[in-house]
Amino acid sequence: MFKLLRMGSDTIHPHDFFVNRPEGYKWYLLLLVKTPALFYLNNKPITVQPDSLIVFDKHIPHRYEAMGPFYINDWIHFDLNLASLSQLQIQLNTPIALPDGHYLDHLIATLTQEFYSSNPYRELTMEHFMHLFFLKIREYSLTLYGNSTLDSQLIQLRSHIYSNPQYDWSIAMMSQRLSISNGHLQAIYKKRFNTSCMADVIEARILHAKELLISTDHSVHDIALLCGYRTDLHFMRQFKKKTTRTPSEYRMNA
């Protein structure tokens, strides 16, 4: 599907760097901008901030230049048929502000290693990485989180919940971690993950309980404590509500 022609990661240019290609390229150009830069789009100057991405269409003029002591970007020249490109639903020739530029930067760095390697599965590996890359771009362009720092903190919070379901989680505890109000936390958490904070806590605890029931010989009492429940009864009620089985029944039929 993807044909990668050239690429580079963390390419550094001096303060007087500029590119002016009136005819564009005969292939697509992807840029992950890491320092402030001045782009001319439809002959209008636009300041592009770090952690921005732009994909230029074939044969589209592009002109851009450094705005500071140096200019850094990742870049990929690639080709792709129109049908496949339309499926990606990526807006071309328009800067996209990324909530997490480091994630895509890491993908490009890994992709660049594969591109210049002699890995026998090199082509297949790069194909999968490009699919992942464009899926993330589509996610970023379709969402309206507004505050990239807060969104990153939300993801970290959710990861922490699933990594430590035994904690005595509460709305107040979570909102304090993010320095926001209880109501704001519940609203943005629901919008971001399509579930409530406490529903996620229960989901994390039941998932952990399932793993312990299958992989250990711990008693139901001990598993309840390890999953953050203060009483066996509360644990068993929530477990049966989520799974339709008691913990003992789940263990016997696992």
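Guide: The model is a predicted one. We may begin with R158, which is found in helix α4 (residues 148–163).

Visitor: Is R158 buried, partly exposed or exposed?

Guide: The class follows from the relative accessible area: under 20% is buried, over 50% is exposed, and the range in between is partly exposed. R158 has a relative accessibility of 26%, so its class is partly exposed.

Visitor: Which residues does R158 touch, leaving aside those up to four places away in sequence?

Guide: Contact requires heavy atoms within 4.5 Å. With residues up to four places away in sequence not counted, the contacts of R158 are Y189, F193, T195 and D200.

Visitor: What distance separates the C-alpha atoms of R158 and W169?

Guide: Along the chain, R158 and W169 are eleven residues apart. The separation of their C-alpha atoms is 11 Å.

Visitor: In helix α2 (residues 101–115), what end-to-end distance do the C-alpha atoms show, and what span should the helix have?

Guide: The expected span is 1.5 Å times one less than the number of residues. For the 15 residues of α2 this should give 21 Å. The end C-alpha atoms agree with that expectation, being apart by 21 Å.

Visitor: Is T112, in helix α2, buried or exposed?

Guide: T112 lies in α2, where the buried residues include L104, L107, I108, L111 and F115. The relative accessibility of T112 is 12%, and therefore T112 counts as buried.

Visitor: Which residues does T112 touch, again leaving aside those up to four places away in sequence?

Guide: Residues up to four places away in sequence are not counted here. The contacts of T112 are then M7, G8 and S9.

Visitor: Where do the buried residues of helix α5 lie around its axis?

Guide: In α5 (residues 171–178), the buried residues are I171, M174, S175 and L178. Viewed down the helix axis, they fall within an arc of 95°, so they line one face of the helix.

Visitor: Which residue follows α5, and what is its phi?

Guide: The residue after α5 is S179. Its phi is positive, near 60°.

Visitor: In what order do the four strands of the open sheet lie?

Guide: Strand β7 (residues 62–66) is joined to β2 (residues 18–21) by four bridges, and the two run antiparallel. Four bridges also join β7 to β4 (residues 37–41), again antiparallel. The edge strands are β2 and β5 (44–48), each pairing on one side only. The order is β2-β7-β4-β5.

Visitor: What is the average twist from one strand to the next?

Guide: The pairing in this open sheet is antiparallel. From one strand to the next, the twist averages 20°.

Visitor: Which residues of β7 are the bridge partners of N20, R21 and L38?

Guide: For N20, the partner in β7 is R63. R21 has H62 as its partner in that strand. The partner of L38 in β7 is E65.

Visitor: How many disulfides does a search of the whole structure find?

Guide: A disulfide requires two cysteine sulfur atoms within 2.5 Å. The sulfur of C197 has its closest cysteine sulfur in C227, at 20 Å, which is too far for a bond. C197 is buried at 2% relative accessible area, and C227 is buried at 0%. The number of disulfides found is zero.

Methods: Residues numbered from 1 in each chain as written. Predicted model: local features only at pLDDT ≥ 70, side-chain atom pairs only at ≥ 80, totals over all residues. Heavy atoms only, no water. Pairing = 2+ DSSP bridges. Buried < 20%, exposed > 50% of the residue type's maximum accessible area, 1.4 Å probe, protein only. Axes fitted to C-alpha atoms, helices over the stretch in contact; angles between N-to-C directions. Arc of directions from axis to C-beta.
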